Amino acid sequence: MRRPRTPGTTGGRAPLALAVPALLAVVFLALPVVGILVRTEWNELGTHLTDPAVIEALELSLLVSFAALGLSLVFGVPLAWVLARVPFRGKTLVRCLVLLPMVLPPTVGGVALLLGFGRRGLLGPWLEGAFGITLPFHTAGAIVAAAFVAMPFLVISLEGALGGLRPGYEETAASLGASPVRVFRTVTLPMVAPGLIAGAALTWARALGEFGATITFAGNLPGATQTLPLQVYLLLQEDPEAATSVSLLLLAIAMAVLIALRGRWAGGLTAPGAADRRDGPGRPAPDEPASGAPASGAPASGAHTSGAPASEVGAGAPVSGPGTGAPASEAGADTRDAPKSQACTPGSSVPSEPDPLPHRSSLHARLTGFTRLTLDAEPGSTIAVVGPNGAGKTTLLRALLGLTPRAHAELRLGDAEVTGLPPHRRGVAWVPQDGALFPHLSALGNTAYGLRAQGVPRAEARRAALSWLERLGVGPLAHRRPAQLSGGQAQRVALARALAARPRLLLLDEPLAALDQTTRARVRHTLRTHLEGFGGVCLIVTHDPVEAVSLADRVLVLEEGRALQYAPPAEVTRRPRSPWVARMLGRNAWPGTATGDGLSLPGGGRLIAAEPLPAGAPALAVIAPEAVSVHRRQPGGSPRNVWPGTVREITATGSRLRVLINSPEAPDLVAEITPQAAAELGLAEGAAVWTSVKATEVSLGEL
Ligand SMILES: Nc1ncnc2c1ncn2[C@@H]1O[C@H](COP(=O)(O)OP(=O)(O)OP(=O)(O)O)[C@@H](O)[C@H]1O
């Protein structure tokens, strides 16, 4: 069997024109190393390396290199973070400064240090006068010289790792209540650990081998600044064999560091987050039913649809007001005073109930900037946010979190005015599209994160977290890392983590987008069940009409940052206010201008409606696909709207067929018919047909 070709390899022999210089390069690099190995007097090695002067230099080298590493960590880590995360003018200049010691000849670096920190340098007299610190000819000087040349390795390596870390992790941590310092300590640092360790190792190795800047700036004083590389230089003149032995020691240390890193720094450093979710929520994977998971096959729709009146929608105008009678508020009222165990989902096996239910909070938000709308919602209600790509759904969520300058939200949650608060103090939990589970924590650690950030003791936080995981049917997976969870399981853990943080407002960004159809129905059911026990307001961004209708009490339709409609799902289904939302709901939607008897279409056609609008108004006609009749011959009789057409596409939806028909006299029309009817009509793609729609089936609404 032939071995598969590694991507990026030629799969054959290297051409001679490349192979020969490549081989010469290897020889060029290897020869000096071989020279040391060959010329070392192995029987004298012990004597040379145990010489008191060598031991003293080795000790000094270790002290200097570790102290330089410490300095680099203390100053370099924050510098790398600022460079990676904070936009500021002059960043390119700062990056050049960081890189400078790497390209500058070390002796020039030493001269520069003298002019900066030396006795007659810019800062030297002040250091000496105020603190009594003299750097040249002191160990402190050797440390400064080593840190100067070595710190860039740490900064560059860590900045690269931070740049590869998606901000979603840190933003989610903040939304769970973690302060910026806590986020840095518990999320950022662990996730960039490989880059940090690699950078630290190289920094240390570079500091250990430092020569030029040290001898120029700090001098060559035995016991104070004479490190091993300086000792080698000295020995080379007095005792070349001993110099070779000490060189071998430094060579061994350098090789050990490189082998430990295994090429991680030099191009092989993978961005954390790229490999951390081998098969996380981003992967559509079957959702193994965990024990305790709610049974599938439960009804997935119609839980919350209601006939609550549609409220007025418009930019800057409240799209809803408290007390609009949304059904969730009624459901919420049922649970408001109920004991916790009753408020929880019936049927979900919850062994213990250590955590209180989240706060009951209403929502009042007024958004300005790219998003311009006012939103009011009752405690316990769920709002589906829908709209075409670029409508501003994510911007709305990020504005509510206080994470974007593109839109500003004046936000009140219950009695709390949170507008001026930073994201971690708002009580707004966010579940991004991919879940953003922290890859270095188990499902339990992830779920306990918010409570720990809020100061809940570890044992209590973990008990509450386990309870939430069990509620969501993933308790048995508590000790798995995110990479060991299927897409559906990871989504449940992400939801448990958000709910466990006891938010007042819950933001779910396409929570089911990554799941396959079967899993989606099951997770949707779980989600709906658990949202029923949630006392705050929940916003769910979705592109899925079933999700919008089955999960939400109200649907917010966005377009270009404005609210086009904010109404219960039944109202949106019956009277969609935009062609996009009508089509999302599977309806035919024709925009046009109202006439005395129906609609005048932009292409010149006409549509007769039983209940016309005042003439001249821009209007949208909505026709349910089931109301479209398909014929092989021109129909006579009562239908007032009849068009000739051609079948363009036939697709199956459940037990029915959707037939897309083009017509020269009208916009595209979708008809939904039974397979039996299609067979009787002999429908096939390209078939010539007639379509008809009764005037009473045309619903007209103002745009
Ligand atoms: N950081 C940004 N800077 C400038 N424009 C942006 C930025 N982020 C988003 N936009 C723009 O703002 C608009 C709204 O974007 P947003 O991501 O909120 O849309 P969305 O409704 O979530 O879209 P989708 O369904 O594709 O996720 C888009 O036109 C987008 O190009």
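**View 1. Strand β17 (residues 656-662) pairs with β18 in the antiparallel sense, over five bridges.** What you see is a predicted model: local features need pLDDT of at least 70, and side-chain atom pairs count only at pLDDT 80 or more, while totals for chains, interfaces and linings use all residues. To find your way around, note that residues are numbered from 1 along each chain as its sequence is written. Two strands are said to pair if DSSP finds at least two bridges between them. The strands themselves (E, at least two residues) and the helices (H or I, at least four residues) are DSSP runs, numbered from the N terminus. Which residue of β18 stands opposite R658? Look for E672.

**View 2. Five antiparallel strands build an open sheet, in the order β15-β19-β16-β17-β18.** β15 (629-631) and β18 (669-673) stand at the edges with a single partner strand each, so one side of each has no neighbour in the sheet. On average, and ignoring direction, neighbouring strands here are turned by 45 degrees against each other. For this angle and those below, axes are lines fitted to C-alpha atoms, for helices over the stretch in contact, and angles run from 0 to 180 degrees between N-to-C directions.

**View 3. Strand β19 (residues 688-693) runs antiparallel to β15, and three bridges join them.** Here H631 has W690 in β19 as its bridge partner. β19 also pairs with strand β16 (residues 641-653), in the antiparallel sense and over six bridges. On that side, the bridge partner of W643 is T691 in β19. As you follow a strand, keep in mind that in a regular strand the side chains alternate between the two faces of the sheet.

**View 4. A second open sheet has six strands with mixed pairing, in the order β6-β7-β8-β3-β9-β10.** β6 (428-431) and β10 (562-567) are the edge strands, and each pairs on one side only. Neighbouring strands of this sheet are turned by 20 degrees against each other on average, direction ignored. Inside the sheet order, strand β3 (residues 382-386) and strand β9 (residues 554-559) pair in the parallel sense over four bridges.

View 5. Ala, Val, Leu, Ile, Met, Phe, Trp, Tyr, Cys and Pro count as nonpolar, Asp, Glu, Lys and Arg as charged, and the others, Gly among them, as polar.

**View 6. Helix α5 (residues 106-117) packs with helix α7 (residues 139-163) at an angle of about 125 degrees, their axes 11 Å apart.** That angle makes α5 oblique to α7. Angles under 35 degrees count as roughly parallel, over 145 as roughly antiparallel, 65 to 115 as roughly perpendicular, and the rest as oblique. From α5, the residues P106, G109, G110, L113 and F117 meet V144, A145, F148 and V149 of α7. This contact of α5 with α7 has seven nonpolar, two polar and no charged residues. Two residues are in contact if their C-beta atoms, placed from the backbone, lie within 7 Å. The crossing of α5 and α7 is right-handed. A crossing is right-handed if the near helix is turned clockwise from the far one by less than a right angle, and left-handed if anticlockwise.

**View 7. Helix α17 (residues 443-453) and helix α19 (residues 487-500) cross at roughly 25 degrees, and their axes come within 7 Å.** This makes α17 roughly parallel to α19. α17 passes α19 in a right-handed crossing. A443, N446, T447, Y449, G450 and L451 of α17 make the contact with V493, A496, R497 and A500 of α19. By class, six of these residues are nonpolar, three are polar and one is charged.

**View 8. Helix α18 (residues 458-471) and α19 pack at an angle of about 135 degrees, with axes 9 Å apart.** α18 and α19 are therefore oblique to each other. Their crossing is right-handed. The contact joins A464, A465, W468 and L469 of α18 with V493, A496, L499 and A500 of α19. Its residues divide into eight nonpolar, no polar and no charged.
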